[in-house]
Every structure is written in C-alpha cells, then in structure tokens.
Amino acid sequence: MALLSLIKKLKGFDIYIGYVNENSDQGMLDEFSKYAKVVNVEKEKNIEVDYFISCSMKLHLCDAAKNVKRKKTILWVHQVLNLPDSILNTKFRKNLDCVITVSNTICELLKNTFKDIKDKIKYIYNVIDSESLIDKSSEECELELSKELNLVTVSRVCRDKGFNRMLELAKYLRDANIDFKWFIVGDNFNKVEALEIMESFSEFKENFVWLGFLDNPHKIVKQCDYSVLLSSNETWGLALTEAMCVGVPCISTDFEVVFEQIRDKENGIILSRDDTLSYKDRISEIINDKKKYKDSIIGFKYDNDTILRKWEELLETVLV
C-alpha cells in the first residue's frame, strides 16, 4: 500500500511495477495498473529503467530481476530487519546505490550497523493518501459500540503484533469494570496462528469483534476512541498515522520508531513492551482523557508535499 500511495502522487516519471510471482494478488496488480505499467519480469526481457527500486529485501537479487537493465539500484526497507540474517549483512550491500528507510530511527540504526555504506542510507517517510482515508472513513458502517470505550486494532493477526499485550490490557479493563468493545481488523495467511490467537481471547467473546481483512478499515477506526498497536517492533506504525489522519488518537507500545509519531501523554499514550503490569496504572487515563487526546490531534495533517520533494531530490541526486 505504501508503494501504491507513492506512485499515485509521484509525477513526472514513467513507472513500471515489476513482479515475479504468478500468484500475485490480481486485484492489487489491477490497482497498480491505473498508475503504472505492470510487468512480469520473468517474461518481459527488454525492460530498461533509470532506477530499480526493490521493495523486497531480495527482489533485486533474483534471476528475473537481474534481467532488468538499470542505471541505479535502490533498496526500500519497510519491514523490521533481523540484522544478522539481513541481505544488508552480506557482500551484496555494496552493489546498492542507495538504501531508503521509512523512519529516521531505522536509518540511524542501519548507519551505525553498516558503516561502510552509511552515506548511502537515507530516510523518507511513507506517502499516505490522507484525502482518500478521510473520504473512506466517512462511509456508513453500523457497529455495535460500547457507551464507555471503543478500541480498534488494524494489523495482521500474528504474535509479533502484540496480541499477548492486548490480552493483558483487556484483563485490566475488565478488572476496572470498564464496558468496552475492541474491533480487530486484519487476517493472517497462517490460519493456525490466527486461530490460536483468537482462541486465547475466548473469555472476552462479548468484548472482541474479529472482522478479518477489510478493504476499508478507516470507517471502523473513525468510530472508535483509540487506535491500538501493541507490537514488539515496527519500522513505522502506519496504522497509527492513518488513525490520526481521520481524527482518532492512538495507544502504542514503546517500539523505538513510535517516538517519531506520538508524544506520550500529549497526543497519545505509549505503553511499555516489557512491563504489562504498568498498564493497570494507565486505565483511568485511557478512560478519562479520551476527549483530551482526541482534541490534541484536531487539525493533524500529514506532509506529503515534503515527502514527495525528498523522493524527487533523491532520484535526481542518485542518478548523477
């Protein structure tokens, strides 16, 4: 989605979207085709470009991608990296002309880790189609809401997203006699893992609503008091920024990048990843300060113009 948002906004470039998997999501490829030429690089042998931007850590190394003639190769890092196993921890990093991360925090981490290419590592925040998010958040959607507290989490239903912490927070809300609803928007290709997580919340059948994947989660988010993301780690909490774009404050864990997005007790709530017992002390704040946090993000705007300028400047500079 980050790539789609970028190509929708980036002007003045002829863009190819290359894929190598016949099982690629056809609906997504159709959406990309509205803004770029979509090609299967395993079949198309005569592609010549100025910039090859790899959105996957190893895409630029696969045999098919090697057939794409390019002047420069850029690695665009979105996922949380296991640095010892990362492709950046191999000789291939020297073949890259630039590495783009989506947060300053990850950028500095990579610079400190891979000092030999630190001058090639930069950060540019993701483009977010905030106008579209706002429009989608206004679509009609009937939810059975709590009169006291409504939470939403938009994420894959997997352990890394902190569902164990969500369960602990739910227990403290119950112990405080809080009437709450918690909507989960997301799925997991690993159905066994997703089912195990859902079953761990069996004591909260009246509180948790598992909605699965939705094309438009924003109409759910808009109706809630907080968007909650209790992950172990993130390169950027995209669900948090998207929630603030539609006027909903956030509760997050203290993964390093979140401090570029939220200021604890000012425009949102940041909880510990390690000390879930401390959640108990924040329950009254979560309940009593809902309006304060909602008011704190009135007028929140995401600066796509600056981000697009950084991309344009990067591409102009790298090609020199």
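How do the residues lining the second largest pocket divide into nonpolar, polar and charged? There are eight nonpolar, four polar and five charged ones, where Ala, Val, Leu, Ile, Met, Phe, Trp, Tyr, Cys and Pro count as nonpolar, Asp, Glu, Lys and Arg as charged, and the others, Gly among them, as polar.

Before you click around, note that this is a predicted model, in which local features need pLDDT of at least 70 and side-chain atom pairs count only at pLDDT 80 or more, while totals for chains, interfaces and linings use all residues. Residues are numbered from 1 along each chain as its sequence is written, and side-chain values use heavy atoms, with hydrogens and water left out.

**Stop 1: the pocket**

Select Y125, W236, E260, Y302 and D303, which lie nearest the centre of the second largest pocket among its 17 lining residues. A pocket is an open set of points on a 1 Å grid over the protein atoms alone, with protein on both sides within 12 Å along at least five of seven lines; lining residues have an atom within 4 Å of a point. The space here is about 230 Å³, a volume being what is filled by probe spheres set on the points, which are joined across faces, edges and corners.

Now colour helix 12 (304–318) and helix 9 (238–245), each of which supplies at least two lining residues. Helix 12 gives the most, with three. Helices are DSSP runs (H or I, at least four residues), numbered from the N terminus.

**Stop 2: T241**

Stay on helix 9 and pick T241. T241 is buried, at 2% relative accessible area (buried means under 20%, with a 1.4 Å probe and protein chains only). Its side chain makes a polar contact with that of W236 at 3.1 Å; such a contact is a pair of N or O atoms within 3.5 Å, one able to donate a hydrogen and the other to accept it, and residues adjacent in sequence count only if both atoms are side-chain atoms.

**Stop 3: the cavity**

Next, select V154, H218, V221, S227, A239, E242, A243 and V246, which line the largest cavity. A cavity is a set of points where a 1.4 Å probe fits but cannot get out, and this one has a volume of about 50 Å³. Helix 9 gives the most to its lining, with three residues.

**Stop 4: a cysteine**

Finish on C245, which is buried at 10% relative accessibility. Its sulfur is 9.8 Å from the closest cysteine sulfur, in C250, too far for a bond.

How values were computed
Buried means under 20% relative accessible area, exposed over 50%, partly exposed in between (1.4 Å probe, protein chains only). A disulfide is a pair of cysteine sulfur atoms within 2.5 Å.
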